[in-house]
Amino acid sequence: NERHVVWQGIALGPDERRAELVEMSLPDMHRRVLLSDDPGRFQWWDPALDGDRLVYTEVDYVHGDASSPTHPAELHAMLLDLADPNAQPMRLDTSGRAAEPAILGDTVVWKDADDVFNYGTLAVHSLTTGGTRIVSTAPQGGIKTPSIGNRYVAFWGIDDTEFFLYDLKRQQLAPVFRLAPDSPVGGAFRVEVAGDLLIWVQGTEDRPLIAWGRLPAMDDP
């Protein structure tokens with residue numbers, strides 16, 4: 001991002017326990033703390049930017065169930081306008097299971113899952129209408145780390161031999177490739193899309209490769 005850098009910090013020392021969401025403006029390098037609390041109450045993960053608009057995961061232990069092995073915290077997709085110093089964070093989800101959001105324009109995507117580390121299902125949210133759609137990514141049994149480009153949403157699937165994208169224009173999955181489970185080529189992981197550029201890691205542990213390709217634009221068929 002040309003105007004902001006945002007990160008999460010956690011202090012767990014003997015004299016201080018503090019989770020913070022921190023923003024630094026560019027190019028003046030002015031630093032400000034956006035959010036701060038005890039990390040046993042709230043944490044803020046996965047910040048992503050589009051211009052002045054920030055989305056992030058709010059990990060809410062206050063309203064979660066600490067005894068639950070699968071859902072110890074509520075997870076919320078949050079939006080904050082960094083251009084407005086008086087802006088308050090806005091919750092976008094209604095499920096309490098929203099993690100790893102990404103934003104481009106008026107579209108926000110995230111992973112809907114019990115835990116921030118688990119695979120989940122893809123959610124697509126419109127800031128214009130306020131509506132959220134849960135999108136099937138079958139044959140993928142689960143996805144994580146969604147990213148959003150001009151036309152396509154990319155994600156890392158639980159089965160890396162089934163490589164699909166979600167086409168926002170057609171509102172359907174678009175296959176990139178499908179491999180046999182025992183393929184020596186290796187599947188796709190660490191998948192990311194930005195604009196019309198798709199990039200992923202493919203191969204085996206002994207020989208990982210970085211691959212990339214250009215995607216059809218929104219005006220293309």
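This is a predicted model: local features need pLDDT of at least 70, side-chain atom pairs count only at pLDDT 80 or more; totals for chains, interfaces and linings use all residues.
Two strands count as paired here if DSSP finds at least two bridges between them.

Strand β1, which covers residues 4-12, pairs with strand β2, residues 17-25, in the antiparallel sense, and nine bridges are found between them. The two strands are joined by a hairpin that passes through four residues, and across the pairing Q8 has L21 in β2 as its bridge partner. Strand β2 also pairs with β3, again in the antiparallel sense, over seven bridges, with E23 standing opposite R32 in β3. The hairpin of β2 and β3 has four residues between the strands, and within this hairpin M29 takes a positive phi near 65°.

Which strand holds R31? R31 lies in β3, the strand that spans residues 30-37. R31 is classed as partly exposed because its relative accessible area is 45%, a value that falls in between the limits of 20% for buried and 50% for exposed. When the neighbours within four places in sequence are left aside, the residues in contact with R31 are W7, E20, V22, E23 and M24. R31 and V5 are 26 residues apart in sequence, while their C-alpha atoms are 9.4 Å apart in space.

**Two open sheets**

Strands of a sheet pair through backbone hydrogen bonds, and the pairing may be parallel or antiparallel. Inside the order, β9 (residues 107-112) and β10 (residues 121-126) pair in the antiparallel sense over six bridges, and V108 stands opposite H125 in β10.

A further open sheet of four strands has the order β12-β13-β14-β15, with antiparallel pairing. Why is one side of β12 and of β15 left without a neighbour in the sheet? Both β12 (143-148) and β15 (172-178) stand at the edges with a single partner strand each, and therefore one side of each has no neighbour in the sheet. From one strand to the next, the twist of this sheet averages 25°. Strands β13 (residues 152-157) and β14 (residues 162-167) run antiparallel and are joined by two bridges, and the bridge partner of V153 in β14 is Y166.

| Strand pair | Residues | Bridges |
|---|---|---|
| β1 and β2 | 4-12 and 17-25 | nine bridges |
| β9 and β10 | 107-112 and 121-126 | six bridges |
| β13 and β14 | 152-157 and 162-167 | two bridges |

**A nonpolar patch on β17 and β18**

L197, I199, I210 and W212 make a nonpolar surface patch of about 420 Å². Strands β17 (197-203) and β18 (208-214) each supply at least two residues of the nonpolar patch.

Key
Residues are numbered from 1 along each chain as its sequence is written. Side-chain values use heavy atoms; hydrogens and water are left out. Axes are lines fitted to C-alpha atoms, for helices over the stretch in contact, and angles run from 0 to 180 degrees between N-to-C directions. Patches are made of residues with over 30% relative accessible area and no salt bridge: like charges are joined within 9 Å, nonpolar side chains (Val, Leu, Ile, Met, Phe, Trp, Tyr) within 5 Å. Accessible areas come from the Shrake-Rupley method with a 1.4 Å probe; for residues, only the protein chains shown count as cover. A salt bridge is a side-chain nitrogen of Lys or Arg within 4 Å of a carboxyl oxygen of Asp or Glu. Buried means under 20% relative accessible area, exposed over 50%, partly exposed in between (1.4 Å probe, protein chains only). Contact means heavy atoms within 4.5 Å.
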